[in-house]
Amino acid sequence: MTAHTGQSPLAPGWLEVPADLNALHEPLWAGGVARNDAGELTIEGLTVSELQREYGTPLFVLSETDFRARAREFSDAFNDAFADICGGVDVYYAGKSFLCTSVVRWVEEEGLRLDTASGGELAVAARAGIPGADVALHGNNKSDGEIHRALDMQLGRIVVDSLDELERVAAIAANRGDTAKVMLRLTPGVHAHTHEFIATAHEDQKFGLSMAPDSTDQAGLSAAEEAVAAAIGHESIELLGLHCHIGSQIFEPDGFALAAEKLLDFLAAMQVKYSIVLPELDLGGGYGIAYTPVDTPRPAAEIAQAMAAVVRSKCAALGISAPRISIEPGRAIVGSTTFTLYEVGTLKTVRVDAPGSEAGGAGNDVTYPRRYVSVDGGMSDNPRPVLYDADYSAILASRSSDAAPQLSRVVGKHCESGDIVVRDVYLPEDVAAGDLLAVPGTGAYCWALSSNYNYLARPGVVAVSDGSARLIVRGETEEDLLNRDMGV
């Protein structure tokens, strides 16, 4: 076989050999992340080696400064864009992306509201002290206990996901002598250009009430219209309006615009048919961020202006007053605020046949090197690559390097061949055991989806602000894991 040392065809088409392996591609990182004169990665002046000595690795490093700035950016951009349409926008931070009591307080202090999806997330909200009126509860299968907790906390909205759930909410509220403030989650049948597991507005999935006419219904009503009719018939339900969410990690605005048009058409039709006013419309979230240098997320102001233009023109065409608009960014606020810090362990290089080469071709086939760089975490702190082929980037963080680029695959320490942190990235060929790697863009759905697979303790989360760091989520210990083992 013939060895090859040039550009590897094993790399995906979008991945180019970086001109400078030490450079930071700004969209991937929080503000305040830089390299110091010694070449070490820093955040607001704190070096990654300092953070490792104090808190260990793996470690989620979150910029509170950047989080607050992104929250304000969304609030300001959407309020400006919708000021003349409906007086502004209610921005709900999607807590499922990353939630702890500190984050809830930042959200409240920056004037945002909070979106939750379980009783546990409601418990975090309650402990943080945010008013229930500023909290929403989602979920396709809410328990009776979660519905009771939502009513106990006097939530500003319960987003109902099905006809069955609407009846349960109505019954529980009636038995308590309460009124539940409800929005109906609809599936507008819009195809979002994203992975199928995070596209949520097409018909064939678990979320929401279909807007398509039901051929089995005698009146030919859609599930969405049945829900409207049922909701207004319950004295224990205050129907606030409609909600949709078309998916996650979406860059193109077309899907958001089409969903808004379809929901406004439906809202107008329901208002006429049932002589009601539906004062609110939630257009969800799902705005994409940069995980790799080729990702091109849109600024919040650009998204806001595009959505406002659609709502403005559609409401004018329908001859209706615009409802109060709300949105639910999560990843777009927290995703890029955070990087995960790992320590390198074992390394190995394998040779892989070039795509299309003839195996066994009398020694004429060409092989290329792929290096495996193992780190001290993995799918237990970031399962997204395993769940839906998520791409990430990585850099050598503990020092700079002038070594040649080597196509690498960053992998974890779990007993799974699919335990991949970064599938393809160019790292310096002199990366060695003990070096630190940083993976940007891990603020959303990494800690939230983390696990104890192989009995690894989940990492802590450090928040950095004004040049100082503090733990906002303590890393687990082995004692934490063993405390749940009843030993019987």
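D389 sits in the loop between α11 (384-388) and β17 (395-396); helices (H or I, at least four residues) and strands (E, at least two) are DSSP runs, numbered from the N terminus. The model is predicted: local features require pLDDT of at least 70, side-chain atom pairs count only at pLDDT 80 or more, and totals for chains, interfaces and linings use all residues. Residues are numbered from 1 along each chain as its sequence is written, and side-chain values rest on heavy atoms, with hydrogens and water left out.

Backbone geometry is taken up here. Most residues other than glycine have a negative phi, and most peptide bonds are trans. D389 is not a glycine, yet its phi is positive, about 55°. D389 is exposed, with a relative accessible area of 52%. The classes are buried (under 20% relative accessible area), exposed (over 50%) and partly exposed (in between), with a 1.4 Å probe and protein chains only. E44 has a positive phi too, near 50°. This residue lies in the loop between β3 (41-43) and β4 (46-47). At a relative accessible area of 23%, E44 is partly exposed. The peptide bond between T57 and P58 is cis, with omega about -5°. P58 is placed in the loop between α1 (48-55) and β5 (59-63).

K142 belongs to the loop between β8 (135-137) and α5 (144-152). With a relative accessible area of 2%, K142 is buried. Its side chain makes a polar contact of 2.7 Å with the side chain of E165. A polar atom of the K142 side chain also lies 2.7 Å from the backbone oxygen of V159. A polar contact is a pair of N or O atoms within 3.5 Å; within protein, one must be able to donate a hydrogen and the other to accept it, and residues adjacent in sequence count only if both atoms are side-chain atoms. Neighbours within four places in sequence aside, K142 is in contact (heavy atoms within 4.5 Å) with residues including L137, I147, I158, D161 and R168.

Aromatic pairs number 10 in the structure. In one, Y291 and Y392 are edge-to-face, at 5.0 Å centre to centre and 70° between the planes. This pair connects distant parts of the chain, 101 residues apart: Y291 is in the loop between β13 (280-282) and α9 (300-318), and Y392 in the loop between α11 and β17. Rings of Phe, Tyr and Trp (its six-membered ring) pair if their centres lie within 6.5 Å; planes under 30 degrees apart count as stacked, over 60 as edge-to-face and the rest as tilted. Y291 is buried at 4% relative accessibility. Y392 is buried as well, at a relative accessible area of 2%. Ring pairs also join F74, F78, F82, F256 and Y287 into a cluster.

Four cavities of 30 Å³ or more are present. On a 1 Å grid over the protein atoms alone, a cavity is a set of points where a 1.4 Å probe fits but cannot get out; lining residues have an atom within 4 Å of a point. Grid points are joined across faces, edges and corners, and a volume is the space filled by probe spheres set on the points. The largest cavity holds about 80 Å³. F256 and Y287, members of the ring cluster, are among its lining residues. The second largest cavity has about 50 Å³. Its lining includes F60, F98, W447 and V461.

Conventions: On a 1 Å grid over the protein atoms alone, a cavity is a set of points where a 1.4 Å probe fits but cannot get out, and a pocket is an open set with protein on both sides within 12 Å along at least five of seven lines; lining residues have an atom within 4 Å of a point.
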